[in-house]
Amino acid sequence: MADDQPIEQAMSEYTEVEQPFLQQLAGLGWTVIDQGAGVPQDATPSLRGHFREWLLPGVFDSAVRAINRTGNGQAWLTDRQLDDLKSQLLRQPSRTLLEAKEAVQALLFKAQVDVNEVTGEIDPVVRLIDFHNPENNQFHAINQSRIDTPGCVRSFIIPDIALFVNGIPLAVVECKKGSETCANPMQEAFVQLQRYMRKRADCRVGWAE
């Protein structure tokens, strides 16, 4: 019976906490990808090519291209420039977790590429998120958002819900339900998020928490 308790608790958290929150997000206009309560075995449903990716590359490309246009409405970012922007976000190998977060945050407010090939402008600023017109962005909520962590004690972690804006993960939600084995759900969730952060720091896997 004891062996069944963690499974029952996980299913209860999924049906009574995760799903209602995902439904609320859907009602607010978020695109919700509900992967159930099990361990994902295929990264494709979560809009990634593999479990080591933490960006949603296709969403990033389409969303960032759409919100960066010339005065006459022409999209100008090239595929090469979009790849460069993704590399700028991902390339944080020698930084601590805090330093990497600060670098990514700076890019969210001011990213640049070499040239606007339509207008000829050199070093133009690129918007990764349209802060002035939120409706222009793409919002995704993905539950059981598995991230592989090679070289760590565990080979992967699975945040309950990851929230993405334009394919960039901006928040992680850990869902807990009070029970005999979880007397303080908020504290349990906080401890779990702290574990994720330590794994990131130890393994240098990027994530915007």
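**Reading a predicted fold, feature by feature**

Student: I see that Phe-139 is partly exposed, with a relative accessible area of 24%. What cut-offs separate buried, partly exposed and exposed?

Tutor: Buried means under 20% relative accessible area, exposed means over 50%, and partly exposed lies in between (1.4 Å probe, protein chains only). Please keep in mind that this is a predicted model, where local features need pLDDT of at least 70 and side-chain atom pairs count only at pLDDT 80 or more, while totals for chains, interfaces and linings use all residues. Residues are numbered from 1 along each chain as its sequence is written, and side-chain values use heavy atoms, without hydrogens and water.

Student: In which order do the elements run from the N terminus?

Tutor: Helices and strands are DSSP runs numbered from the N terminus (H or I, at least four residues, for helices; E, at least two, for strands). This chain has five helices and eight strands, in the order α-β-α-α-α-β-β-β-β-β-β-β-α. For contacts, meaning heavy atoms within 4.5 Å, consider pairs at least 6 apart in sequence: 57% of them join residues at least 24 apart.

Student: How many aromatic pairs does the structure hold?

Tutor: Rings of Phe, Tyr and Trp (its six-membered ring) pair if their centres lie within 6.5 Å; planes under 30 degrees apart count as stacked, over 60 as edge-to-face, and the rest as tilted. The structure holds two such pairs. One joins Trp-30 and Phe-139: their ring centres are 5.1 Å apart and their planes lie at 55 degrees, so this pair is tilted. Trp-30 is in the loop between helix H1 (4-27) and strand S1 (31-33), while Phe-139 is in strand S4 (residues 139-143), so the pair ties together parts 109 residues apart in sequence. Trp-30 itself is buried, at a relative accessible area of 18%.

Student: Why are Phe-109 and Phe-131 called stacked?

Tutor: Their planes are at 10 degrees, with the ring centres 5.2 Å apart, so the pair counts as stacked. Here too distant parts of the chain are linked: Phe-109 belongs to helix H4 (residues 97-109) and Phe-131 to the loop between strand S3 (125-126) and S4, 22 residues apart. Phe-109 is exposed at 58% relative accessible area, and Phe-131 is partly exposed at 46%.

Student: Over which rings does the charged end of Arg-146 sit?

Tutor: A charge sits over a ring if NZ of Lys or CZ of Arg is within 6 Å of the ring centre and within 35 degrees of the ring normal. The charged end of Arg-146 meets this for Phe-51, at 4.2 Å from the ring centre, and for Phe-156, at 4.3 Å.

Student: Which residues of helix H2 are buried?

Tutor: In H2 (residues 57-67), they are Val-59, Phe-60, Ala-63, Val-64 and Ile-67. They span an arc of only 110 degrees around the axis, which puts them on the same side of H2; the arc is that of the directions from the helix axis to the C-beta atoms. Their cover includes helix H3 (79-90), S3, S4 and strand S8 (168-173).

Student: Which residues have the most contacts inside the largest nonpolar core?

Tutor: A nonpolar core is a set of buried Ala, Val, Leu, Ile, Met, Phe, Trp, Tyr and Cys residues joined through side-chain atoms within 4.5 Å. In the largest one, with 21 residues, those with the most contacts are Phe-60, Val-64, Leu-77, Leu-85, Leu-89, Val-126 and Leu-128. H2, H3 and H4 each supply at least two residues of this core. A second, separate core of seven residues includes Leu-22, Ala-141, Ile-161 and Cys-175.

Student: Where does Gln-144 lie, and what is its phi?

Tutor: Most residues other than glycine have a negative phi. Gln-144, in the loop between S4 and strand S5 (147-148), has a positive phi near 50 degrees and is buried at 8% relative accessible area. Asp-123 also has a positive phi near 50 degrees; Asp-123 is in the loop between strand S2 (111-112) and S3, partly exposed at 44%.
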